[in-house]
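Please open the model in your viewer and keep the selection panel at hand. The tour begins with the whole chain and then turns to one pair of elements.

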Amino acid sequence: MMRANRQWKFWLWGFVAFIAIVWLLRSMLAPFVAGMAVAYLLDPVADKLEQRGLPRWAATTVVLLGFLLGAVLALLLLAPLLQAQAEQLVEVAPQWIAWAKQEVLPAIQRLLRRLPAAEVKQLREAAGNYAGTAVGWTADVLRNILTSGVAIIDILSVIFITPIVAFYLLRDWDRMVTAVDSWLPRPYAATIREQARAVDRTLAGFVRGQATVCLCLGVFYAVALTSAGLDFGLVIGLITGVLSFIPFVGSLVGFVASVGLALFQFDEFWRVGLIAGIFFFGQAVEGNILTPKLVGDKVGLHPVWVMFALLAGGALFGFVGVLLAVPVAAVIGVLIRFCLQQYMQSSLYRGFEIAEPTGLDLPPDPLLSHPAAEGAGRGDGVADMPPRP
């Protein structure tokens, strides 16, 4: 009993120390966390090249250079288009302001006349308070940017340090896994490896799959909206694709922005319906083809749990928290399911002593997993690799 208490205290204090370190170093961890994420994403490709006979350092170099080259080419192709749409935004902004004065403000004034005077006063006070808060926040952000180079340094560190970190982590990934495996407490090593594989399957299924879904949606919406003649369709489509990593958020933001812009831009109602139809079609393809094929419904990360993790991570640790949100959510989800399984096989749940585990199936948690959730393999032949650190 005393030995078990010591072990619990050890792991508890280790967890507290980890949280404290992340909190204290959150301002400088971004390139290292981003580099680890890139290495994790590219490790299966490097493993396949290594299996074909390339040395590990050569496989790492080829994979990372290909990744960086693709990112640079995408940026070079998109930069002129984004610049053109930014210039167009500057040109049409006065027209939007004039339209708002002619159409929106009179409608708001008519609505306010129908409300009691007390409610109108409360609305004006609330609007003034929110406006003051927004102006103050914007002023603080601009002052920080102008008075210090911290933001620029952070961006430069992510751009230049992340590839270096990713190279060394990707090159030494297998050795790191072996080293961490040798540190595991021997009585529980098999159980920890099993749970680490479950976390790996969850992350591989969700992160790689969802990233591919976001890329497909971003390209589709950008091309479709631009082809439909919608102003700023490229920007809206790309933003929708990026935000689609957060379940439901990307589609909702893109739909509201594109339909609202279409109502302002087009006089024909059928063209507005076309823009709305693009999003309905995109959602149908995502829900019935892309997500089931690329992500699957058994990765063990419910959309509500993902949204909560991203918001909580961003609020607590900023950009680093956003990067760590999904891995931490996956680890917590796997551990909670493991603890629930142990509980449902114990006398605390069944009400009598059990000499041997019964193998009772655990019903899925609706918040932490999709229906019938157990970790799904990646489908790329690396599901049985040793657990990642």
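Helices (H or I, at least four residues) and strands (E, at least two) are DSSP runs, numbered from the N terminus. This is a predicted model, in which local features need pLDDT of at least 70 and side-chain atom pairs count only at pLDDT 80 or more, while totals for chains, interfaces and linings use all residues. Residues are numbered from 1 along each chain as its sequence is written, and side-chain values use heavy atoms, with hydrogens and water left out.

Of its 389 residues, 30% are buried, that is, under 20% relative accessible area with a 1.4 Å probe, counting protein chains only.

Next, select residues 189-227, which form helix H7, together with residues 233-243, which form helix H8. How close do the axes of H7 and H8 come? They come within 7 Å and cross at roughly 160 degrees, the axes being lines fitted to C-alpha atoms over the stretch in contact and the angles running from 0 to 180 degrees between N-to-C directions. H7 and H8 are therefore roughly antiparallel to each other, a term for angles over 145 degrees.

On H7, the contact residues include Cys214, Leu217 and Tyr221, and on H8 they include Leu234, Ile236 and Val242.

Key
Angles under 35 degrees count as roughly parallel, over 145 as roughly antiparallel, 65 to 115 as roughly perpendicular and the rest as oblique. Contact means heavy atoms within 4.5 Å. Buried means under 20% relative accessible area, exposed over 50%, partly exposed in between (1.4 Å probe, protein chains only).
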